[in-house]
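Please look over the sequence and the model below before reading the briefing. The notes that follow are grouped by topic.

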Amino acid sequence: MSMHIVNVGEAEPFVTKDGSEIRELLAHRNSCIQKQSLAEARVSPGQTTQPHYHPQTEEIYYILQGCGRMWVGKDIRDVGPGDAIAIPPGEPHQIKNTGTATLLFLCCCAPGYEHTDTVLLETMPT
């Protein structure tokens, strides 16, 4: 087995089903990692991801820069650099950039992120 290193500057961005811009850093598609994935996500100022959930995948968002408002289920919290957010499988969630700079965060998924495990919602449940 060889070491796999992916620099964020070399990772091709793509837009996920929820509307955030992602750069997949490590996953089964580009490394020896098979049971999880790590991506950098970006949400522009004033933008909100579409509410969604993942039936199989648990996620961790780790905020690197910017500020936002995070919804997980019926909980709503303001978030910023250094905050780690736990998102259990099946839990509706979305994040809004409430600042003037790009909201930048790491997204860790287990199992690894797949479009097919993303269920979009019209609104967050109340």
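A polar contact is a pair of N or O atoms within 3.5 Å, where within protein one atom must be able to donate a hydrogen and the other to accept it, and where residues adjacent in sequence count only if both atoms are side-chain atoms. By that definition, the side chain of His93 makes a polar contact with the side chain of Glu59, at 2.8 Å. This is a predicted model, in which local features need pLDDT of at least 70 and side-chain atom pairs count only at pLDDT 80 or more, while totals for chains, interfaces and linings use all residues. Residues are numbered from 1 along each chain as its sequence is written, and side-chain values use heavy atoms, with hydrogens and water left out.

- His93 is found in strand S9 (residues 93-97), strands being DSSP runs of E with at least two residues, numbered from the N terminus.
- His93 counts as buried because its relative accessibility is 1%, the term buried meaning under 20% relative accessible area with a 1.4 Å probe and protein chains only.
- Leaving aside residues up to four places away in sequence, His93 touches several residues, including Glu59, Tyr61, Trp71 and Met124, with contact meaning heavy atoms within 4.5 Å.

**Aromatic pair**
- A search of the whole structure finds one aromatic pair, for which ring centres of Phe, Tyr or Trp (its six-membered ring) must lie within 6.5 Å; planes under 30 degrees apart count as stacked, over 60 as edge-to-face and the rest as tilted.
- The pair is formed by Tyr61 and Phe105 and is tilted, at 4.6 Å centre to centre and 40° between the planes.
- Tyr61 lies in strand S5 (residues 58-65) and Phe105 in strand S10 (residues 103-110), so the pair ties together parts that are 44 residues apart in sequence.
- Both Tyr61 and Phe105 are buried.

Conventions:
Helices (H or I, at least four residues) and strands (E, at least two) are DSSP runs, numbered from the N terminus. Buried means under 20% relative accessible area, exposed over 50%, partly exposed in between (1.4 Å probe, protein chains only).
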